[in-house]
Amino acid sequence: INSELDGLLEKSGIKGPYILVGHGIGGLDLQEFAARHKGEVKGALFIKPMTPLFTLFKEELRPVYYSNIIDRRASIKTGRIFAASGIIRLLGATPYKIPKGPYGHEIVNTFSDPVTYDTMLAEYSKGYKTSLKEQQFEPLGSLPHIVLHHNRKEFWKAMLLYHLSWDEIEDIDIIWTRSYEALLGKGGTLLEAAHGVDAIVQTNPESVIEALHKLEDMIDLSY
C-alpha cells in the first residue's frame with residue numbers, strides 16, 4: 001500500500017509535509033509511511049488502529065474468543081459470498097450501522113463489491129502475521145499524533161453479547177489499551193470516541209472530525 005501511495009503522490013505532484021490518517025489495519029501502514037518519510041510528516045491520527053502488539057490477542061486470549069471476536073478472516077470470507085451474490089446490495093445491509101445521507105449509499109456500494117473483501121482479507125492476513133519482533137516501528141516521538149479509540153462503555157456492552165465474563169472482557173480491554181499506548185510518543189495523546197466500537201469512520205464520523213481539529217491545534221502549538 002505504501003509503495004502504491006508513494007507512486008500516487010509522486011505522479012500527482014503532491015509533496016509533504018503530510019498529515020496521516022490510518023484506520024484499523026491502516027495504523028500499520030501509517031507507521032510504515034511515517035518511518036519511510038521522516039521529516040515529511042506533520043501529524044498523524046490513528047483510528048482504533050491495529051498495532052504490532054495486536055498479536056497479544058492470540059497469545060493471551062483463549063482460542064475460541066480469539067477466533068470469534070478478534071480474527072475476522074472467516075467473517076470476511078462469508079461477507080464476500082453475500083456481496084458476490086448481490087444480497088448485500090439487494091438488502092442494503094452492511095456489517096456496520098449505515099449513516100443517513102449519500103455517505104450511507106457509498107458504504108453499501110463498497111460492501112457490495114467482492115474486491116472490498118479480497119483487499120480486507122489480504123490486509124488482515126498481513127496484520128495477523130505482524131508481530132512486535134517482525135516490525136519494529138519507532139513511536140512517533142514528539143510528532144503530534146492522536147490515537148482515537150473505541151468507546152469503552154459501548155465496548156463492554158458489545159462484549160457482553162458474546163457471553164464473556166467480566167474478567168475476560170477486562171483482559172481484552174487491557175490488551176487494546178496496551179496496544180494503543182505502545183503507539184504513543186511524547187507528542188501523542190489518547191482520545192476516546194463519543195460512541196462506536198468498530199468502524200468508527202463509518203459509525204461515528206463526528207468523533208473523527210473532532211479528533212482532526214484537535215490534531216490541527218496540536219500541530220499549530222508544535223510549530
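Reader: Is lysine 48 buried or exposed?

Author: Buried means under 20% relative accessible area, exposed over 50%, and partly exposed in between (1.4 Å probe, protein chains only). Lysine 48 has a relative accessible area of 9%, so this residue is buried. The model is predicted: local features need pLDDT of at least 70, side-chain atom pairs count only at pLDDT 80 or more, and totals for chains, interfaces and linings use all residues. Residues are numbered from 1 along each chain as its sequence is written, and side-chain values use heavy atoms, with hydrogens and water left out.

Reader: Where is lysine 48 found, and what is its phi?

Author: Most residues other than glycine have a negative phi, and most peptide bonds are trans. Lysine 48 has a positive phi, near 35°. The residue is in the loop between strand E2 (41-47) and helix H3 (56-60); helices (H or I, at least four residues) and strands (E, at least two) are DSSP runs, numbered from the N terminus.

Reader: Which residues does a cis peptide bond join?

Author: Glycine 16 and proline 17 are joined in this way, with omega about 10°. Proline 17 belongs to the loop between helix H1 (2-12) and strand E1 (18-23).

Reader: Which residues does lysine 214 touch, not counting residues up to four places away in sequence?

Author: Contact means heavy atoms within 4.5 Å. With that exclusion, lysine 214 touches Ile146, Thr189 and Leu191. Lysine 214 lies in helix H12 (residues 205-222) and is partly exposed, at 36% relative accessibility.
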